[in-house]
Amino acid sequence: MITMDDIIREGNPTLREVASEVSLPLSEEDIALGKEMMEFLKNSQDPIKAEELNLRGGVGLAAPQLDISKRIIAVHVPSADPVAEPTLSTVMYNPKILSHSVQDACLGEGEGCLSVDREVPGYVVRHAKVTISYYDADGQKQKIRLKNYEAIVVQHEIDHINGVMFYDHINEANPFSLKEGVLVID
Ligand code: CO
């Protein structure tokens, strides 16, 4: 089971590497890893398990954060309605941004990361909408369009497999300055 001890923190060079594509058909190992990553996210969002295992809550995790330089990400975004299905819950192998909106967006509260043990204030400007292709755990090619919060989460995780940290997008001199027309998501 993945715990916080398995997650590497900023300063570890693996977080700055461009991760390698996984080979298809997927290996048992890569499928098992994806399952564990998803289990971690679910545990981290379960108040009882999170407390028991001392997990910080997370909606996304990328394999490089486990010191595994592979293009695998997991995202688990719960619905605002607690009894509804999660709005996005999937493991993506070799995810790729095929296209994106001209419109940019950022989270009003900024972003955090399980590999960053400090608050880094500032707007992290990303694309408001993205079309992503990826392979699912069954090795099937998938294509999805995401917008707003889900789009931001997936872009944060895809950054990890490209060696990019969220704060690389923050305007250092003026962390809360925004160009006109950027959508702020609350
Ligand atoms: Co992160």
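Visitor: Before we start, what counts as a salt bridge here?
Guide: A side-chain nitrogen of Lys or Arg within 4 Å of a carboxyl oxygen of Asp or Glu. R126 and E111 form one, with their closest N and O atoms 2.8 Å apart.

Visitor: Okay, and what sort of model is this?
Guide: It's a predicted model, where local features need pLDDT of at least 70, side-chain atom pairs count only at pLDDT 80 or more, and totals for chains, interfaces and linings use all residues. Residues are numbered from 1 along each chain as its sequence is written, and side-chain values use heavy atoms, with hydrogens and water left out.

Visitor: Back to R126 and E111: where do they sit?
Guide: R126 is in strand β5, while E111 is in the loop between β4 and β5, 15 residues apart. Strands here are DSSP runs of E, at least two residues, and helices are runs of H or I, at least four, numbered from the N terminus.

Visitor: Buried or exposed, those two?
Guide: Both R126 and E111 are buried. Buried means under 20% relative accessible area, exposed over 50%, and partly exposed in between, using a 1.4 Å probe and protein chains only.

Visitor: How many salt bridges in the whole structure?
Guide: Seven. One of them joins the side chains of D168 and R16 at 2.7 Å, N to O. D168 lies in the loop between α3 and β8 and R16 in the segment before α1 (28-45), 152 residues apart. D168 is partly exposed at 38%, and R16 is partly exposed at 43%.

Visitor: Which residues are linked in a network?
Guide: R9, R56 and D117 are linked by salt bridges. The D117 and R56 side chains meet at 4.0 Å, N to O.

Visitor: Switching topic: what coordinates the cobalt ion?
Guide: C113 through SG, plus H156 and H160 through NE2, at 2.1 to 2.3 Å. Donors are N, O and S atoms within 2.8 Å of the metal (3.2 Å for Na, K and Ca), and sites may look incomplete because water is not among the atoms.

Visitor: How are the donor residues spaced in sequence?
Guide: As C-x42-H-x3-H. C113 is in the loop between β4 (104-107) and β5 (126-127), and H160 is in helix α3, 47 residues apart. C113 is buried at 4% relative accessible area, and H160 is buried at 1%.

Visitor: Last one: what is Y167 in contact with?
Guide: Leaving aside neighbours within four places in sequence, Y167 touches E10, R16, V116, R118 and V120, where contact means heavy atoms within 4.5 Å. Y167 is in the loop between α3 (148-160) and β8 (183-185).
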